[in-house]
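Dear colleague,

Please find below the structure for your files.

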Amino acid sequence: ILSRFKGKTSSFSFENEEDMEILQMMLIKCCDISNEVRPTEVSEPWVDCLLEEYFNQGDREKREGLPVAPLMDREKATKPSAQIGFIKYVLLPLFECVSKLFPQLEETMVPQLRSAQQHYAGLQEIEDMLKEDDKKQEKIK
């Protein structure tokens, strides 16, 4: 959907039915996955719920002997790593593309996405430092 929309942005017409159809799909997708556009204190509890749902599914898949996607494996995925990737590879490209038609998104939503990405990068740094400390403690024992 994103690649189709990108191909239309330079010649987009609000009068063209096909252009409007792909725009509608893009806007619905933006709304559907827009959690990180909201302030962190609002979005983060929803991220926790979503990750718990993913991890529960991964746990069940493990019990049933099925392959588990890395994002759904509580032993591999972390909230910061999941959100950094989601923001970088899904949300930012999507919202930046739509903002070509609606420049106000570039001023309102894209900065919040970048802020969320920085927030999770900070959490990732803390997690990495804690892991290093744990490794050092293990060597001492």
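Axes, as the word is used here, are lines fitted to C-alpha atoms, for helices over the stretch in contact, and angles run from 0 to 180 degrees between N-to-C directions. Contact means heavy atoms within 4.5 Å. Helices are DSSP runs (H or I, at least four residues; strands are E, at least two), numbered from the N terminus.

The model is a predicted one, in which local features need pLDDT of at least 70 and side-chain atom pairs count only at pLDDT 80 or more, while totals for chains, interfaces and linings use all residues. Residues are numbered from 1 along each chain as its sequence is written, and side-chain values use heavy atoms, with hydrogens and water left out.

H3 and H5

The axes of H3 and H5 come within 12 Å and cross at roughly 60 degrees. The two helices are therefore oblique to each other; angles under 35 degrees count as roughly parallel, over 145 as roughly antiparallel, 65 to 115 as roughly perpendicular and the rest as oblique. Their crossing is right-handed. On the H3 side the contact is made by Thr-40, Glu-44 and Val-47, and on the H5 side by Gln-112, His-119, Tyr-120 and Leu-123. As to handedness, a crossing is left-handed if the near helix is turned anticlockwise from the far one by less than a right angle, and right-handed if clockwise.

H5 itself has 37 residues and reaches 55 Å from its first C-alpha to its last, close to the 54 Å expected at 1.5 Å a residue. The expected span is 1.5 Å times one less than the number of residues. Shortly before the proline Pro-111, H5 has a kink of about 30 degrees at Val-110; the bend at a residue is the angle between axes fitted to the seven residues ending there and the seven starting there. Val-110 is also among the buried residues of H5, together with Leu-105, Gln-112, Leu-113, Ala-116, Tyr-120 and Gln-124. Buried means under 20% relative accessible area, exposed over 50%, and partly exposed in between (1.4 Å probe, protein chains only). H3 and H4 are included in what covers these buried positions of H5.

H4 and its neighbours

H4 spans residues 79-98, with 20 residues and 26 Å from first C-alpha to last, close to the 28 Å expected at 1.5 Å a residue. A bend of about 40 degrees occurs at Ile-87. Ile-87 is one of the buried residues of H4, which also include Leu-91, Leu-92, Leu-94, Phe-95 and Val-98. The cover over the buried residues of H4 includes helices H1 (2-9), H2 (17-32), H3 (40-63) and H5 (104-140).

With H3, the axis of H4 comes within 11 Å and the crossing is at roughly 105 degrees. That makes H3 roughly perpendicular to H4. Here Glu-44, Val-47, Asp-48 and Leu-51 of H3 meet Lys-79, Ala-82 and Gln-83 of H4.

Met-26, Leu-27, Lys-29 and Cys-30 of H2 meet Leu-94, Phe-95 and Val-98 of H4.

Individual residues

Is Met-26 buried or exposed? Met-26, in helix H2, is buried, with a relative accessible area of 0%. Not counting residues up to four places away in sequence, Met-26 touches Ile-1, Leu-2, Phe-5, Leu-94 and Val-98. Its C-alpha is 11 Å from that of Ser-99, 73 residues apart along the chain.

Pro-93 lies in H4 and touches Leu-2, Ile-87 and Lys-88, again leaving out residues up to four places away.

Glu-52, in H3, counts as partly exposed at 35% relative accessibility. Glu-52 and Lys-139 are 87 residues apart in sequence and 32 Å apart in space, C-alpha to C-alpha. Lys-100, in the loop between H4 and H5, is exposed, with a relative accessible area of 60%. From Lys-100 to His-119 the C-alpha separation is 26 Å, at 19 residues apart in sequence.

Yours sincerely
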